[in-house]
Amino acid sequence: MNITGRLTRDAEVRTTSQDKQVVNFSVAINDSYRNKQGERVEQTTYFDCSYWITPNVAKLLTKGTLVELSGRVSTRAWTGNDGEPRAGLNFHTSQIKLHGGGKKTETVQATTGTNNNKTEDDLPF
């Protein structure tokens with residue numbers, strides 16, 4: 001399954017009891033449709049995501065970044081501290097494609113743009 005959305009918070013790296021590292025983050029996906037009355041209805045779905053391949057990607061996964069994810073979805077249910085039943089969607093991510101928009105991505109782009117010391121003579125055309 002593929003989903004595209006924005007990170008709702010910066011990614012966090014957690015170490016399991018078996019000394020494996022996992023990157024945890026949350027993604028919001030916005031959708032809209034028209035109901036029978038012709039009114040536009042906005043709907044947001046949140047996914048708790050996990051990525052097990054490399055923890056280094058956490059530096060790039062910052063709040064607001066637009067990402068395209070491939071992986072599989074699972075559901076989970078639990079009882080909250082208030083005793084109420086809760087449910088959520090988990091996305092077990094196998095591939096991440098960054099589309100930018102996060103605060104660190106903007107910083108990296110700005111830094112890269114200002115550190116370009118090439119002169120016109122260095123251009124290949």
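The structure is a predicted model, in which local features need pLDDT of at least 70 and side-chain atom pairs count only at pLDDT 80 or more, while totals for chains, interfaces and linings use all residues. Residues are numbered from 1 along each chain as its sequence is written, and side-chain values use heavy atoms, with hydrogens and water left out. The chain holds 1 helix and 6 strands, arranged along the sequence as β-β-β-β-β-β-α. Helices (H or I, at least four residues) and strands (E, at least two) are DSSP runs numbered from the N terminus.

- Of the 125 residues in the chain, 29% are buried; buried means under 20% relative accessible area, exposed over 50%, and partly exposed in between (1.4 Å probe, protein chains only).
- The chain exposes about 9000 Å², and carbon and sulfur atoms supply 47% of this area; accessible areas come from the Shrake-Rupley method with a 1.4 Å probe, and for residues only the protein chains shown count as cover.
- Among contacts in the chain with a separation of 6 or more, 57% are between residues 24 or more positions apart, a contact being heavy atoms within 4.5 Å.

**Nonpolar core**

- The largest nonpolar core has 17 residues, of which V23, F25, V27, L61, L69 and I96 touch the most other members.
- Strand 1 (2-7), strand 3 (21-34), strand 4, strand 5 and strand 6 each give two or more residues to this core.
- Strand 3 provides the largest share of this core, with 4 residues.
- A nonpolar core is a set of buried Ala, Val, Leu, Ile, Met, Phe, Trp, Tyr and Cys residues joined through side-chain atoms within 4.5 Å.

**F25 in strand 3**

- F25 lies in strand 3 and counts as buried because its relative accessible area is 1%.
- Leaving aside neighbours within four places in sequence, F25 is in contact with L7, R9, A11, F47, D48, C49, Y51, L61, L69, T93 and I96.

**Aromatic pair and charge over a ring**

- The chain has 1 aromatic pair; rings of Phe, Tyr and Trp (its six-membered ring) pair if their centres lie within 6.5 Å, and planes under 30 degrees apart count as stacked, over 60 as edge-to-face and the rest as tilted.
- The pair consists of F47 and F91, and it is edge-to-face because the ring planes stand at 80°, with the centres 6.1 Å apart.
- This pair links distant parts of the chain, since F47 belongs to strand 4 (residues 40-51) and F91 to strand 6, 44 residues apart.
- F47 counts as buried at 6% relative accessibility, and F91 counts as buried at 0%.
- The charged end of R76 sits over the ring of W78, 4.2 Å from the ring centre; the criterion is NZ of Lys or CZ of Arg within 6 Å of the ring centre and within 35 degrees of the ring normal.

**N2 and S70**

- N2 is found in strand 1 and is exposed, with a relative accessible area of 53%.
- The side chains of N2 and S70 are joined by a polar contact of 2.6 Å; a polar contact is a pair of N or O atoms within 3.5 Å, where within protein one must be able to donate a hydrogen and the other to accept it, and residues adjacent in sequence count only if both atoms are side-chain atoms.
- N2 and S70 are 68 residues apart along the chain, yet their C-alpha atoms are separated by 4.5 Å.
- Not counting residues up to four places away in sequence, N2 touches L69 and S70.

**Loop residues**

- D19 is located in the loop between strand 2 (12-15) and strand 3, and counts as exposed at 66% relative accessibility.
- The phi angle of D19 is near 60°, a positive value in a residue other than glycine.
- T65 occupies the loop between strand 4 and strand 5 and counts as buried at 0% relative accessibility.
- A polar atom of the T65 side chain lies 2.9 Å from the backbone oxygen of T62.
- D82 is placed in the loop between strand 5 (66-79) and strand 6 (85-98).
- The side chain of D82 reaches the backbone nitrogen of E84 at 3.0 Å and makes a polar contact of 2.8 Å with the side chain of R86.
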